[in-house]
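Colleague: I am new to this one and would like to learn how to read it. Could you walk me through it step by step?

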Amino acid sequence: MRGFTFYERVSRSFHDYPSLSKLVVLFTVSGGTLVAYSDSQSNYVEKDAVTSPYIDNKKKRVVVLGTGWAGTSFLKNLNNSSYDVQVVSPRNYFAFTPLLPSVTCGTVEARSIVEPIRKIVRKKNVDIKFWEAECFKIDVENKKVYCRANEEKSNINGIEDFIVDYDYLVIAIGARANTFNTPGVVENCHFLKEIEDAQRIRRSVIDCFERASLPDLSDEERKRILQFVVVGGGPTGVEFAAALHDFVCEDLVKLYPSVKDFVKITLLEAADHILGMFDKRITSFAEEKFKRDGIDVKTGSMVVKVSDKEISTKERGKGEISSLNYGMVVWSTGIGTRPVIMDFMKQINQANRRALATDEWLRVERCDSVYALGDCATINQRKVMEDIAAIFAKADKDNSGTLTVKEFQEVIDDICERYPQVALYLKNKQMSSIVDLLKEAKGNDAKESTELNIEEFKTALSQVDSQMKFLPATAQVAAQQGAYLATCFNRMEECEKNPEGPLRFRGEGRHRFKPFRYKHLGQFAPLGGEQTAAQLPGDWVSIGHSSQWLWYSVYASKLVSWRTRALVISDWMRRFIFGRDSSGI
């Protein structure tokens with residue numbers, strides 16, 4: 001009884017003072033290197049902090065669609081109490097999607113990587129309300145979004161569609177799996193985008209082993225059932241194939257010894273190599289490791305049809321069609337546009353695009369009060385040559401019709417900030433200053449007194465647009481966009497009075513904010529066997545066991561709360577001690 005009383009006191013202390021949990025520090029050691037890092041904030045909130053049920057009509061209403069990486073990052077960083085925020089999403093939690101492959105194989109439990117949205121925003125001094133529903137239509141002309149409650153909830157409570165008005169709309173609903181209209185994919189393949197997908201895959205893997213263990217089956221049928229096919233050689237497909245291989249070799253073969261020789265994992269990729277967005281050293285290592293592990297990697301294979309027991313592929317170049325029997329297929333080939341976004345794009349004359357086009361401030365083109373971020377949107381970076389005449393006129397302050405180097409230098413910072421491809425061009429050409437660029441255009445030594453006319457100015461900048469790049473659809477990009485947009489909303493009034501952005505070359509004054517700039521912090525590719533490939537800024541590549549420990553540390557630090565950190569770390573420790581869970585639940 002005394003022990004129970006002590007436990008109650010400790011539990012009550014951590015409940016009343018959540019900051020005590022921060023005394024728990026994770027030490028991750030690899031080769032004498034200590035990594036212990038966290039950039040998350042406490043979820044502490046005063047018990048008496050109660051949101052008023054009354055809505056202040058003077059507040060601008062911000063409607064946020066989605067609770068993924070972009071939407072959650074926006075909500076976490078929004079601190080301006082002058083907004084009335086309404087969040088609409090069919091799921092009431094945030095999921096740490098980089099760990100979904102670990103969930104499929106029982107390394108991490110599904111509940112360990114999710115955090116309720118209401119818990120994330122309860123500490124905020126901003127009036128935030130959450131509606132568990134799905135937006136099925138956006139009326140940009142009347143500033144309304146049409147929402148529908150989840151089917152099971154609407155059937156129980158009789159709730160029908162409802163409408164939410166907005167002053168500002170933040171679209172962050174992500175994307176769906178891209179099937180490329182391949183016949184049979186939707187009906188027969190698993191996807192890996194949501195928590196429910198990972199749970200279904202986990203049950204399907206166990207079910208395949210259980211079915212293959214039944215008596216009176218032929219060897220050919222057992223081979224078919226235990227043939228696991230992964231379509232897509234990107235980071236998600238490669239990580240899942242590696243995780244599945246570890247699950248089979250380290251855990252399932254001990255429980256199903258009679259069928260271990262029938263298991264085969266095949267990875268299909270339409271391109272020439274897997275992990276095409278990584279450094280070639282990582283690509284080569286991954287392909288060689290998979291070959292050693294017995295994972296069959298088939299590059300140049302494009303899936304053309306999927307039936308209930310067979311998958312058909314066409315070999316690129318030769319055009320030959322071949323078939324492969326399977327027991328389970330996981331489809332991981334990129335992202336596609338959601339129907340509500342497609343309908344919205346038709347309204348605003350963007351129907352011919354794959355994603356919502358925004359400007360550098362994440363504002364949807366031709367929609368001043370609508371912002372889009374994450375996988376559902378892409379930044380349409382403006383080209384220098386489209387504004388070359390306006391740039392020349394803005395820099396030519398004396399209206400002489402020519403530009404001196406000195407006049408150009410006065411606006412070069414604004415040009416580089418507004419058009420980041422200029423700075424990239426100078427860097428790639430190893431030019432230290434704008435003078436070097438003018439030298440290239442003039443063909444001789446350029447001095448401050450050197451003058452350029454409009455045609456020479458066009459020649460000097462004619463190649464800079466070749467450095468334009470599109471951002472990848474990753475969690476890292478979405479999280480940075482959400483944080484950036486929240487900062488803009490936090491400083492909206494201040495920047496209206498004192499703009500801090502670059503010059504408006506096609507207008508007067510300056511832009512309110514600095515444009516969004518993505519900062520790449522590196523990427524990981526777990527390859528199984530406690531080995532990970534890491535590609536970090538500065539062309540630094542690390543492959544092996546040390547990178548695996550770095551992966552553990554970084555992912556633990558990036559989890560959204562101390563609760564999820566503790567759960568995931570305990571799952572990793574449980575796996576090391578007891579192995580992965582193989583129950584079919």
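**Cores, a helix and a buried arginine**

Modeller: Happy to! Of the 98 residues in the largest nonpolar core, those touching the most other members are Phe74, Val85, Ile113, Phe209, Phe228, Phe489 and Trp572. Helix H9 (residues 235–255) supplies the largest share of this core, 9 residues. Apart from it lies another core, of 26 residues, including Ala395 and Leu503.

This is a predicted model, where local features need pLDDT of at least 70, side-chain atom pairs count only at pLDDT 80 or more, and totals for chains, interfaces and linings use all residues. Residues are numbered from 1 along each chain as its sequence is written, and side-chain values use heavy atoms, leaving out hydrogens and water.

Colleague: What is a nonpolar core?

Modeller: A set of buried Ala, Val, Leu, Ile, Met, Phe, Trp, Tyr and Cys residues joined through side-chain atoms within 4.5 Å; buried means under 20% relative accessible area (1.4 Å probe, protein chains only).

Colleague: Which residues does Val85 touch?

Modeller: Contact means heavy atoms within 4.5 Å. Not counting residues up to four places away in sequence, Val85 touches Val62, Val64, Leu75, Leu78, Val126, Asp127, Ile128 and Lys129.

Colleague: Is Arg575 buried or exposed?

Modeller: Arg575 counts as buried because its relative accessibility is 10%. Arg575 sits in helix H20 (residues 562–578); helices are DSSP runs (H or I, at least four residues), numbered from the N terminus. Beyond neighbours within four places in sequence, Arg575 contacts Thr107, Glu250, Glu530, Tyr552 and Arg580. Arg575 and Thr107 are 468 residues apart in sequence, yet 6.2 Å apart in space, C-alpha to C-alpha.

Definitions and conventions:
Buried means under 20% relative accessible area, exposed over 50%, partly exposed in between (1.4 Å probe, protein chains only). Helices (H or I, at least four residues) and strands (E, at least two) are DSSP runs, numbered from the N terminus.
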